[in-house]
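Here is a structure to walk through piece by piece. Take a look at it first, and then we'll go strand by strand and helix by helix.

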Amino acid sequence: MTLEKLENFSEDPQAETDSGAGMENPATLLAWVNQHANSLCAGCGVSLCGHQLLHSRAAAGPVPPRCLKCLAMSLKVPALQMGQNLTGYVARRDCYRAAWDWLTAAEPDCNYPNLVAQSCAKPEVSGAKPDLNQDPEHAAEWDSGSLGCGDLLLPLRGKMRALNAGQILKLIARDASAPQDIPAWCGVTGHQLILGAHPSYWIRRRND
Ligand SMILES: [Zn+2]
Ligand SMILES: [Zn+2]
């Protein structure tokens, strides 16, 4: 599997499913994961669990493994999309799915599958116009103007940080991908999206 191909996973769900070219043996995959157990990300040095090793193997092949963020950076795709692509990739291949399930049984306390699953959760955002009578009470409001989702997440982090735990930010985000990206971002960061009615999002700051 080459890096270039990964970018097309989401657009081409049937790719390599039946051709046999993408097929590997779960035992071979697990042997490779085992061989790299306790290794550190070749990019940033964080320690990698078995799930992360398997994702790295799926994305980049049998090269020194990297964490999701570093894989995403090397492919120039958002980390969230990287997680979604890889989840789809694993789900469509019996060999990877079997290896993934085996690792989940072997690492019962590992939080990585939850983190990735949250980032793939379907957005709970209605297309309905916000009912202004139900505008949840918020401590701050930020209109992100014309910022795209990739550009607003960093300032959004700052806005959330400026709040006290439990306080709510009302965010206006007009970017077309906000209904997917804002819930996913909340899932990853632990802030709680209490209401989303595009382009308005009410986000409660997490407890530290
Ligand atoms: Zn890394
Ligand atoms: Zn794990």
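**A strand covered on both sides**

Let's start with strand β4, which has cover on both faces: Ser200, Trp202 and Arg204 are buried on one side, and Tyr201 and Ile203 are buried on the other. "Buried" here means that 20 or more other C-beta atoms, placed from the backbone, lie within 10 Å of the residue's own; 12 or fewer makes a residue exposed, and anything in between is partly exposed. The strand covers residues 200–204, and five of its five residues are buried. In a regular strand, side chains alternate between the two faces of the sheet.

Before going on, a word on where this comes from: the model is predicted, so local features need pLDDT of at least 70 and side-chain atom pairs count only at pLDDT 80 or more, while totals for chains, interfaces and linings use all residues. Residues are numbered from 1 along each chain as its sequence is written, and chains are lettered from A and ligands numbered from 1 in the order in which they are written.

Strands and helices are DSSP runs numbered from the N terminus, with at least two residues (E) for a strand and at least four (H or I) for a helix. Two strands pair if DSSP finds at least two bridges between them. So which strands pair with β4? One is β2 (residues 168–172), which runs antiparallel to β4 and is joined to it by five bridges; there, leucine 171 has tyrosine 201 as its bridge partner. Another is β3 (residues 192–197), also antiparallel, again over five bridges. Alanine 197 is bridged to serine 200, and two residues sit between β3 and β4 in their hairpin.

Now for the largest nonpolar core, a set of 22 residues in which Leu54, Ala58, Leu71 and Tyr96 have the most contacts. Such a core is made of buried Ala, Val, Leu, Ile, Met, Phe, Trp, Tyr and Cys residues joined through C-beta atoms within 7 Å. Helices α2 (26–35), α3 (50–60), α4 (68–75), α5 (79–92) and α6 (94–106) each give it two or more residues, and α3 supplies the largest share, five. Apart from it lies another core of 18 residues, including Leu156 and Cys186.

Finally, look at α6, where Tyr96, Ala99, Trp100 and Leu103 are buried. Seen down the helix axis, the buried residues of α6 fall within an arc of 100 degrees (taken from the directions from axis to C-beta atoms), so they line one face. On the other side, Asp94 and Ala105 are exposed.
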